[in-house]
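Dear colleague,

I am passing on the structure we spoke about, and my notes follow below it. Please keep the model open while you read them.

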Amino acid sequence: MLVMIFACDEQNAIGKDGDLPWRQSSDLQHFKRTTLHRTVVMGRKTWDSLGKPLPKRRNVVMSRATVEGEVEQMDEAAVLALAEEEDVYIIGGGEIYALFMEHCKELHRTVIHTTVEGADAFAPPLEGEGFHLVGERHVPSGPKDDHAMTFQHWIR
Ligand SMILES: NC(=O)c1ccc[n+]([C@@H]2O[C@H](COP(=O)([O-])OP(=O)(O)OC[C@H]3O[C@@H](n4cnc5c(N)ncnc54)[C@H](OP(=O)(O)O)[C@@H]3O)[C@@H](O)[C@H]2O)c1
């Protein structure tokens, strides 16, 4: 099954200048708990921003060119085939979320309670996509968070 996970502001912004537009430690912990020991799939630009594979996960990068470094590379068909066998976590960025949206059955969205000025990467809106909210938890801003956030779990 394909599962998507992202953090967005209140206007669906997820990135700015090739990086995350906030410091949000509580969300990074949530991301780690959710994806640990799983297969994670990311676009080449997100891979560039990470700089190294996420530990204790099978890292897959998508690019139309050959990706340098020790990482597995797959095309869209290979990712979809793998998702027939196991849960595959789509971890961004904007191009890769848009690519797989129609195939995604489960989604973890963290709404970061802010509006980013000058954002240049966005998550697809969920409205009209047939998702149902099955869980929601509001978390105030902790000492290593820029903003309060709401963890949401959606399925369809
Ligand atoms: N807030 C969050 O949860 C979150 C999560 C992840 C990322 N981000 C942010 O999102 C931003 C990056 O997102 P982005 O949309 O600019 O880039 P991206 O989705 O990370 O990567 C785009 C790249 O993926 C490759 N690609 C796209 N479609 C493909 C296809 N059909 N087949 C094979 N390869 C394909 C291409 O690589 P080539 O150009 O090499 O061909 C393309 O340039 C950054 O700011 C990052 O920090 C935020």
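**Fold and contacts**

Among contacts in the protein chain between residues at least 6 apart in sequence, 69% join residues at least 24 apart. Please bear in mind that this is a predicted model. The protein chain has four helices and 10 strands, and along the sequence these follow the pattern β-β-α-β-α-β-β-α-β-α-β-β-β-β. A compact globule of 156 residues would have a radius of gyration near 15 Å, and the value for the protein chain, 15 Å, agrees with this. Its C-alpha atoms fill a box of roughly 40 × 30 × 30 Å along the principal axes, and 30% of the 156 residues count as buried.

**The sheet and the helices on it**

Eight strands form an open sheet with mixed pairing, in the order E5-E4-E3-E6-E1-E7-E10-E9. Strand E5 (72-73) and strand E9 (132-139) stand at the edges with a single partner strand each, so one side of each is left without a neighbour in the sheet. Strands E3 and E4 (residues 58-62) run parallel and are joined by five bridges, with Thr 39 standing opposite Arg 58 in E4. Helix H3 (residues 76-83) packs on the sheet, where it touches E1, E3, E4 and E6, and its direction makes about 135° with that of E6. Helix H1 (residues 25-35) lies across E1, E3, E6 (88-90), E7 (106-112), E9 and E10 (149-155), and runs at about 175° to E1.

**Around the ligand**

The ligand is surrounded by 27 residues, of which the closest are Gly 15, Gly 43, Gly 92, Gly 93 and Gly 94. The elements that give two or more residues to this shell are strands E1 (2-8), E2 (13-15) and E3 (39-43), together with helices H2 (44-50) and H4 (94-100). By class, the shell has 11 nonpolar, nine polar and seven charged residues. Two of the closest residues, Gly 92 and Gly 93, are joined by a cis peptide bond with an omega of about -5°, and Gly 93 lies in the loop between E6 and H4.

**Backbone points to check**

Two residues have a positive phi although neither is a glycine: Asp 17, at about 50°, and His 37, at about 70°. Asp 17 is found in the loop between E2 and H1 and is exposed, with 10 other C-beta atoms within 10 Å. His 37 has its place in the loop between H1 and E3 and also counts as exposed, with 7 C-beta neighbours inside 10 Å.

Technical notes
Residues are numbered from 1 along each chain as its sequence is written. This is a predicted model: local features need pLDDT of at least 70, side-chain atom pairs count only at pLDDT 80 or more; totals for chains, interfaces and linings use all residues. A residue is near a molecule or strand if its C-beta atom, placed from the backbone, lies within 6 Å of it. Ala, Val, Leu, Ile, Met, Phe, Trp, Tyr, Cys and Pro count as nonpolar, Asp, Glu, Lys and Arg as charged, and the others, Gly among them, as polar. Two strands pair if DSSP finds at least two bridges between them. Two residues are in contact if their C-beta atoms, placed from the backbone, lie within 7 Å. Axes are lines fitted to C-alpha atoms, for helices over the stretch in contact, and angles run from 0 to 180 degrees between N-to-C directions. The radius of gyration is taken over C-alpha atoms; the globule rule is 2.2 Å times the number of residues to the power 0.38. A residue is buried if 20 or more other C-beta atoms lie within 10 Å of its own, exposed if 12 or fewer, and partly exposed in between; C-beta atoms are placed from the backbone.
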